[in-house]
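Please view the sequence and the structure together before reading on.

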Amino acid sequence: MNPKISIIIACYNDPDVVRAVESAAKQTYMEKEIIVIDDGSDAQTKKAIKAVTDSIDVLITQKNQGQSIARNNGIAKTSGEYILNLDSDDFFEPSFCEKAVKLMQEDPEVKIVTCQARRFTKEKEIDIYTPAGGDYRNFMVSNSALGSSMFRKADWEACGGYETELPILGFEDWEFYLNILKNGGRAEVIKKVLFNYQVGKNSTTTRIKNLKHEKFGQIVFKHKDLYIEHFDLLVNELFARLNKEENEKMKISDKLDFRIGSKLLAPLRSIKKLLK
């Protein structure tokens, strides 16, 4: 008998949850359950959830507690060996679960399975994003897997679930994956576009943009022993980030200087034309 996948969809004020549930239900892998956590949503979202109730195996309704707690509460109710998180405004292509389970069954060193993603907004396509994957060293410097990736429930239990304390929130996926991989194993990347990621104006990524360095610092402090062990890697990454930011500032400054210079010279060019 094939192992079961538990697909977790945490939802807060997002009618697009209908599309997420439908993409979970359409997975070609048959041994699955769909668990939706209504994290204190509004009436419109509750109505949307009701419209796809027939496709939902477990519905948890709670007051708003945030994504990490919602996910932990959902995973605690699962009966599957494998867990797949799916944000309510995103969706998978039908073959993801089938391909991901095969990879995890063939190689116990594969602790996380992710894939390429089509990034889009409600107005337009943005790009195709390919996560880096790899072992814990890649995850020490950046999140190298999608937030919606597959992992084993046993690893979630061993890690104590997702971090729920405020300083790390927004980077909880990254910290959770690092937690899984720091004792071995790797994240495998399926080189196919099997995930669709909607970039929203009010998404968590957008809201925490100005706090990314602070939250990275919190991950470093939480896993202090690991970063001390790999001190050179951390220092090289920090200097690389500083150099990148300085280069970006210089590019902006150069463009500004060029624009100012062009405006100042424009009247002189006009006079020169008149004198010809």
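## The chain as a whole

In this predicted model, 44% of the 276 residues of the protein chain count as buried. The secondary structure of the chain consists of eleven helices and nine strands.

The protein chain exposes about 15400 Å², of which carbon and sulfur atoms supply 54%. When contacts between residues at least 6 apart in sequence are considered, 76% of them join residues at least 24 apart.

## Helix H4 and its buried side

Helix H4 covers residues 96-106, and its buried residues are Phe96, Cys97, Ala100, Val101 and Met104. These residues lie on the same side of H4, because the arc they cover around the axis is only 115°. As a general rule, an α-helix has 3.6 residues a turn, so residues three or four places apart point the same way.

The buried residues of H4 pack against several strands. Among them are strand E1 (5-11), strand E4 (82-85) and strand E5 (91-92). E6, strand E8 (150-152) and strand E9 (186-198) also belong to this set.

## Strand E6 and its hairpin

Strand E6 spans residues 110-120. E6 and strand E7 (residues 125-129) run antiparallel and are joined by four bridges. The two strands, E6 and E7, form a hairpin with four residues between them. Within this pairing, Arg118 stands opposite Ile128 in E7.

## Lys111, a buried charge

Lys111 is found in strand E6. Lys111 is buried, yet has no salt bridge. The nearest side chain of opposite charge belongs to Asp155, which is 4.5 Å away; a salt bridge would require a side-chain nitrogen within 4 Å of a carboxyl oxygen.

## Ile168, a buried loop residue

Where is Ile168 placed? Ile168 is in the loop between helix H6 (153-159) and helix H7 (172-181). Ile168 counts as buried because its relative accessibility is 5%, and buried means under 20%.

Not counting residues up to four places away in sequence, Ile168 touches Glu163, Glu175, Lys215, Gln218, Ile219 and Lys222. Leu211 is 43 residues from Ile168 along the chain, and the C-alpha atoms of Ile168 and Leu211 are separated by 10.0 Å.

Key:
Residues are numbered from 1 along each chain as its sequence is written. This is a predicted model: local features need pLDDT of at least 70, side-chain atom pairs count only at pLDDT 80 or more; totals for chains, interfaces and linings use all residues. Side-chain values use heavy atoms; hydrogens and water are left out. Buried means under 20% relative accessible area, exposed over 50%, partly exposed in between (1.4 Å probe, protein chains only). Lys and Arg count as positive and Asp and Glu as negative; His and the chain ends are not counted. The arc is that of the directions from the helix axis to the C-beta atoms. Contact means heavy atoms within 4.5 Å. Two strands pair if DSSP finds at least two bridges between them. Accessible areas come from the Shrake-Rupley method with a 1.4 Å probe; for residues, only the protein chains shown count as cover.
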